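Please keep the sequence and the structure in view while reading.

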Amino acid sequence: MQNSQIDFIPILMQVLLAVGFVALTIFGSSLLGPKRSSANKDKSFECGIESVGNARIPFSVKYFLVAILFVLFDVEVIFMYPWAVNFKDLGADGLIKMIIFMTLLLIGFFYVIKKKALVWE
């Protein structure tokens, strides 16, 4: 199971293609897009309602906790994808390791549920 640097060329090509597409789209829209500016367009706008007061109101910590938990449990998919692709090559050892990983993940998930971190008040 030795990897050479040439095995990473498709990944590098995909990253370069994605970054190039984003850069070309941003650059192209700034060149081709309309450049009409006015005092009315430069005002801050949110949902059709004139903004009143300070925008820096405190948010509940629950909002940030739910966001962090979403990212935490979403990242596990990133670890499962390569495992699923190489499932046959990893054999029983890979299956046991994934069962351990999923067990630890489920323990964390049940801990979060027990602590009622996902209950929105």
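## Exposure and basis of the model

Buried means under 20% relative accessible area, exposed over 50%, and partly exposed in between, with a 1.4 Å probe and protein chains only. The accessible areas come from the Shrake-Rupley method with a 1.4 Å probe, and for residues only the protein chains shown count as cover. By these cut-offs Ile107 counts as exposed, because its relative accessibility is 51%.

This is a predicted model, in which local features need pLDDT of at least 70 and side-chain atom pairs count only at pLDDT 80 or more, whereas totals for chains, interfaces and linings use all residues. Residues are numbered from 1 along each chain as its sequence is written, and side-chain values use heavy atoms, with hydrogens and water left out.

## Helix 2 against helix 3

Helices (H or I, at least four residues) are DSSP runs numbered from the N terminus. Helix 2 spans residues 61–85, and helix 3, which covers residues 87–114, has an axis that comes within 10 Å of the helix 2 axis and crosses it at roughly 170°. The axes are lines fitted to C-alpha atoms over the stretch in contact, with angles from 0 to 180 degrees between N-to-C directions. Helix 2 and helix 3 are therefore roughly antiparallel to each other, a term that applies to angles over 145 degrees.

The contact, meaning heavy atoms within 4.5 Å, involves residues of helix 2 including Leu69, Phe73, Phe79 and Trp83, and residues of helix 3 including Leu90, Leu95, Phe101, Leu105 and Phe109.

## A nonpolar surface patch

Phe70, Val71, Val75, Ile78 and Phe79 form a nonpolar patch on the surface, and together they have about 500 Å² of accessible area. Such a patch is made of residues with over 30% relative accessible area and no salt bridge, the nonpolar side chains (Val, Leu, Ile, Met, Phe, Trp, Tyr) being joined within 5 Å. Val71 lies in helix 2 and counts as partly exposed, because its relative accessibility is 48%.

## The salt bridge

The structure holds 1 salt bridge, a term that requires a side-chain nitrogen of Lys or Arg within 4 Å of a carboxyl oxygen of Asp or Glu. Lys97 forms a salt bridge with Asp93, and the closest N and O atoms are 3.3 Å apart. Because Lys97 and Asp93 are 4 residues apart in helix 3, about one helical turn separates them. Lys97 is exposed at a relative accessible area of 51%, while Asp93 is partly exposed at 47%.

## The loop between helix 1 and helix 2

Arg56 is placed in the loop between helix 1 (9–32) and helix 2, and it counts as exposed at 75% relative accessibility. From C-alpha to C-alpha, Arg56 and Phe21 are 35 Å apart in space and 35 residues apart in sequence. Asn40 lies in the loop between helix 1 and helix 2, and it counts as exposed at 59% relative accessibility.

## The segment after helix 3

Most residues other than glycine have a negative phi. Lys116, although not a glycine, has a positive phi of about 60°; this residue is found in the segment after helix 3 and counts as exposed at 54% relative accessibility.

Leu118 lies in the segment after helix 3 and counts as partly exposed, with 40% relative accessibility. Leaving aside residues up to four places away in sequence, Leu118 touches Val66, Leu69, Phe109 and Val112. Leu118 and Leu69 are 49 residues apart in sequence and 8.7 Å apart in space, C-alpha to C-alpha.

Conventions. Patch = residues over 30% accessible without salt bridge, like charges linked within 9 Å, V, L, I, M, F, W, Y side chains within 5 Å. Helix = DSSP H or I, 4+ residues; strand = E, 2+ residues; numbered from the N terminus. Parallel < 35°, antiparallel > 145°, perpendicular 65-115°, else oblique.
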